[in-house]
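Please look over the model below. This report takes up its strand pairing and its aromatic pairs.

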Amino acid sequence: CPDCDGNGVWAFEDLLCCAHRILQLPIVPRDSVDADHVQATLTQVMRDPEGGLLVRLRLTGADALGAAMLRLRYPGERWRASLPVLADGPTGPASDGWLPLVDPEQPGVVQLGGLRLSETASSNLAFDVRFTPLAPLAGDEVVVEGADLASGDGTVFTLASLPKLSLAGPAPGPTPVRIELGPARPNPFTRNTAFTLSLPTEADIELSVHDLAGRLVATLLSGPLPAGRREVVWDAGRARDGVYFARLVVNGRVFTQRMALLRDRR
């Protein structure tokens with residue numbers, strides 16, 4: 001579809017239009033080649049005070065691909081899927097060299113797609129989707145029901161192992177006795193690192209990342225959070241090598257953790 005919108009001019013909007021059409025295509029037959037070099041994972045990034053979940057689907061090993069299409073299935077009568085509002089963009093953390101696309105309009109289904117835009121692209125292709133409960137049940141889950149991946153030469157792959165995630169979230173543990181920002185794990189790291197955030201009571205918080213000069217690099221969380229312990233991930237895809245500080249502000253109190261970003265230069 002070289003002129004997808006029919007206005008007689010080929011532009012970036014036509015690329016988006018064609019990509020959204022591709023998202024609606026059926027999953028390809030199972031006789032495609034298994035992509036052993038690519039893995040898909042579903043993780044819960046955070047839970048908001050209203051019970052909604054921010055879920056991240058990540059493809060690792062995506063630098064060998066030219067395009068990807070995935071389909072998530074969830075109980076649409078009991079949950080609503082939507083795009084979150086994040087500092088890294090409307091579809092989640094930055095995936096350098098990729099154009100991520102998310103279509104959650106059909107109840108019970110989320111269509112995901114990624115188009116490679118440059119010769120050099122990140123090995124991580126990530127999508128973030130927010131799930132808001134309407135009438136949730138304990139056994140509700142989100143499942144990747146199909147994933148089709150294409151290399152630059154047109155070879156089509158499928159994933160033999162497709163992940164799923166419970167929408168109930170992890171079982172609650174004991175309430176923390178104090179505010180705490182755990183050390184980054186791993187540290188040093190090459191792409192992603194995670195912090196454990198503990199709150200004894202509900203509070204307005206801000207968790208951000210700053211460089212050595214004190215400049216804001218990323219805002220990971222901002223606003224009210226319920227009591228409990230949760231893990232927060234920083235995807236440093238656009239950051240340069242160097243030393244950074246995670247900074248947590250809770251009721252005027254400041255907590256920091258030092259970390260080092262060291263790319264694998266092999």
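## Terms and model

Strands here are DSSP runs of E, at least two residues long, numbered from the N terminus. Two of them pair if DSSP finds at least two bridges between them. The model is predicted.

## The β14-β15 hairpin

Strand β14 covers residues 203-211. Strand β15 covers residues 216-225. Together they form a hairpin, with four residues between them. Gly 214 sits in the turn and has a positive phi of about 85°.

The two strands pair in the antiparallel sense, over eight bridges. Within this pairing, Leu 207 has Leu 221 of β15 as its bridge partner. Strand β14 is mostly covered: of its nine residues, seven are buried.

## The four-stranded sheet

Which strand order does the open sheet follow? The order is β15-β14-β17-β18, and the pairing is antiparallel. The edges are β15 and β18 (253-261), each of which pairs on one side only. Direction ignored, neighbouring strands of this sheet are turned by 15° against each other on average.

Strand β14 also meets β17, and seven bridges join these two antiparallel strands. Here Val 209 has Ala 246 of β17 as its bridge partner. In a regular strand, side chains alternate between the two faces of the sheet.

How many aromatic pairs does a search of the whole structure find? The search finds three. One of them joins Tyr 74 and Phe 131, edge-to-face, at 5.1 Å centre to centre with 75° between the planes. Trp 234 and Tyr 244 form another edge-to-face pair: 5.4 Å centre to centre, 70° between the planes.

Are Trp 234 and Tyr 244 buried or exposed? Both are buried. Ring pairs also bring in Phe 189, which forms a cluster with Trp 234 and Tyr 244.

## Tyr 74 and Phe 131

Back to the pair of Tyr 74 and Phe 131, which is edge-to-face. Which parts does it tie together? Tyr 74 lies in the loop between β4 (67-73) and β5 (79-82), and Phe 131 in strand β8 (residues 124-133), so the linked parts are 57 residues apart in sequence. Tyr 74 is buried, and Phe 131 is buried as well.

Technical notes:
Residues numbered from 1 in each chain as written. Predicted model: local features only at pLDDT ≥ 70, side-chain atom pairs only at ≥ 80, totals over all residues. Heavy atoms only, no water. Phe/Tyr/Trp six-rings, centres within 6.5 Å; stacked < 30°, edge-to-face > 60°. Buried < 20%, exposed > 50% of the residue type's maximum accessible area, 1.4 Å probe, protein only. Axes fitted to C-alpha atoms, helices over the stretch in contact; angles between N-to-C directions.
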